[in-house]
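Please look through the charged side chains of this chain and how they pair. The sequence and structure follow.

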Amino acid sequence: MAALRLASFTLRPAAAAASASSGATPAPPRSASFARAARGLPSLRLVPPRRRGDLVKPRSAGAAAESYASALSEVAVENGTLEQTVSDLEKLEKIFADETVAEFFDNPTVPREEKTQLIDEIAKSYELQQHVVNFLNVVVDNFRATIVPQIVVEFENVYNSLTGTEVATIASVVQLESQDLAQIAQHVQKMTGAKNVRLKTQLDPELIAGFTVQYGRDGSKLIDMSVRKQIDEITSEFELPDVPLGV
């Protein structure tokens, strides 16, 4: 699986950049509990943890992911920590890309104390905000660890909508230089008219050389500047229909 990481910069409007560099001290974030915000949402029913043998009609993974993402985004907006929260979720996305992590948390035979210990270790190692830790505890209590990657996607959709952000994923054989990434981000911003552009990068040796850029909702749009594409196009030009040979 290709390694995925967030590029170290984000394009923002000039006004926002000026505000950030003016030296003004932002108001400190207010404390908030994810569980409290979640209980306030009719669409998110946080039931007590299920026990083995309980007969519970499961909600669809998509609907549950949307509910968790919505509740978490409310807390992040209230705290003024939307940027940091999306960063924290990207960390969780990488952790839960390993299916054994979700299997551990969703296993009803694993004592809750062991799950709590691992959550605490993750929170400390990755410096997660407290409301993100609360969110993770609620997800684990409801045996929904397997949908954490979906929750991340739904949260990013909410984040992008709130901030007018376009996310583009760049695949290349080697890591591109910062100036190259900046030019790609500017090009995506010009094409989409987005206020902000956030880049994610991944390595793909199958491209041979060059790069690809996926953007749009669910990565529906593609810019392919790879050598692999050029080879495929050349190969297709030389493909000849099969001609039966006379015996």
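Is R112 buried, partly exposed or exposed? R112 counts as partly exposed, at 27% relative accessibility; buried means under 20% relative accessible area, exposed over 50%, and partly exposed in between (1.4 Å probe, protein chains only). The model is predicted: local features need pLDDT of at least 70, side-chain atom pairs count only at pLDDT 80 or more, and totals for chains, interfaces and linings use all residues. Residues are numbered from 1 along each chain as its sequence is written, and side-chain values use heavy atoms, with hydrogens and water left out.

Side chains of opposite charge can pair when their charged atoms come close. A salt bridge here is a side-chain nitrogen of Lys or Arg within 4 Å of a carboxyl oxygen of Asp or Glu. The count by this rule is six salt bridges.

One of them joins R112 and D141, at 2.8 Å from N to O. R112 belongs to helix α6 (residues 112–125) and D141 to helix α7 (residues 130–141), 29 residues apart; helices (H or I, at least four residues) and strands (E, at least two) are DSSP runs, numbered from the N terminus. D141 is partly exposed, at 26% relative accessible area.

A salt bridge also forms between K200 and E156, with 2.7 Å from N to O. K200 is in strand β3 (residues 196–203) and E156 in helix α8 (residues 148–163), so the pair ties together parts 44 residues apart in sequence. Both K200 and E156 are buried. With E93, these two residues are linked in a network of salt bridges.

E206 pairs with R228 in a salt bridge, the closest N and O atoms being 3.6 Å apart. E206 is exposed, at 55% relative accessible area, whereas R228 is partly exposed, at 29%.
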